[in-house]
Amino acid sequence: MESRKCVMDLMMKKLENIGIIPVVVIHDEKDAMPLAKALCDGGLLAVEVTFRTDAAEGTIRQMSEAYKELLVGAGTVLTTEQVDRAVDAGAKFIVSPGLNSKVVRYCQEKGIPIIPGVVTPSEIEQALELGLEVVKFFPAEPSGGLPMIQAMGAAYTKLKFMPTGGINLQNVEAYLKSDKILACGGSWMVKEQDICDGNFEDITKKCKAVSALVQSVRA
C-alpha cells in the first residue's frame, strides 16, 4: 500500500511541476503523433486524452510508445473496463468527471493514479474517505471557479485541486497562484478544431506560451 501511495505522490508531483495539463479530444488516430510532437516542442509534457472517442485508445498507445517524455493520461474514464483499456494502451494516470468509488478503488488496488471529479463538500469528504489527496474540480468555472475552490479548500486544508472546465488564458494565472491548485486542465491550446485542421504549429506556439506562463507564475 505504501508503494502505491508513493506512485500516486510522484505522479501528482510531476503534474504539479507541469502546471497546466492539455485536455485533448482526438477523432482520428493520424493526429496523435503530430499532436504529441507539438506538445513536446511546446514544452507541455503531459496530456489528458479524453476517452470518449473511438480514436482515444489508439492515440494513447501511439503517444506513449513514441514519446517517452510525454506523460499521457486518460480522461473522461467512467468504468473499470475503460481503466483497463486505457492503462493497457499506456495511460499513466486516470481522470474522471465525477467521483465513482468503484472506479477509484479499482485504480487504487492496481496502483494507478486517479483524479476523480468533485464539486461539493460532500463529494470531497467521500474522496477523503477513499484516501485521496488530489481531486478534479469540474466543471470549474460554472461551479464557482477559484472562489469556490478557496472557500471549500479552507475546510479541507490538505486537499489539492485540478480545476477543469472554463479555464482559459484569461483566468488561468489566478488559479495557478493559489496554493490550493495542483495543476489546471485546459483545452484552449489544443482546440478540437485546430487538431482536426492540422494546425500543429499554432498548437506548439500556444503550448510554449502556456509553459512560459507556468514558469513565470510558479518560479
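Q: What should I keep in mind about the numbering and the model?
A: Residues are numbered from 1 along each chain as its sequence is written, and side-chain values use heavy atoms, with hydrogens and water left out. Since the model is predicted, local features need pLDDT of at least 70 and side-chain atom pairs count only at pLDDT 80 or more, while totals for chains, interfaces and linings use all residues.

Q: Which residues of helix α2 are buried?
A: Buried means under 20% relative accessible area (1.4 Å probe, protein chains only). Helices are DSSP runs of H or I with at least four residues, strands are E runs of at least two, and both are numbered from the N terminus. In α2, residues 32-41, the buried ones are Ala32, Leu35, Ala36, Ala38, Leu39 and Cys40. Their cover includes the strands β1 and β2 and the helices α3, α9 and α10. Just after α2, glycine 43 has a positive phi of about 85°.

Q: How do α2 and α10 cross?
A: Axes are lines fitted to C-alpha atoms, for helices over the stretch in contact, and angles run from 0 to 180 degrees between N-to-C directions. Here the two axes come within 8 Å and cross at roughly 30°. Therefore α2 is roughly parallel to α10, a term for angles under 35 degrees.

Q: Which residues of α2 and α10 meet?
A: Contact means heavy atoms within 4.5 Å. Pro34, Leu35, Ala38, Leu39 and Asp41 of α2 meet Phe200, Ile203, Thr204, Cys207 and Lys208 of α10.

Q: What is the strand order in the sheet?
A: Two strands pair if DSSP finds at least two bridges between them. In this model, 8 strands form an open sheet with parallel pairing, ordered β7-β6-β5-β4-β3-β2-β1-β8. The edge strands β7 (160-163) and β8 (184-186) each pair on one side only. Direction ignored, neighbouring strands are turned by 30° against each other on average.

Q: How many bridges join β3 to β4?
A: These parallel strands are joined by 2 bridges. Alanine 74 has isoleucine 94 in β4 as its bridge partner. Helix α7 (residues 145-153) packs on the sheet, touching β6 and β7, and its direction makes about 145° with that of β6.

Q: Where do α3 and α4 make contact?
A: Their axes come within 8 Å and cross at roughly 30°. The contact is made by Glu57, Ile60, Arg61 and Ser64 of α3 with Arg85, Ala86, Asp88 and Ala89 of α4.

Methods: Buried < 20%, exposed > 50% of the residue type's maximum accessible area, 1.4 Å probe, protein only. Parallel < 35°, antiparallel > 145°, perpendicular 65-115°, else oblique.
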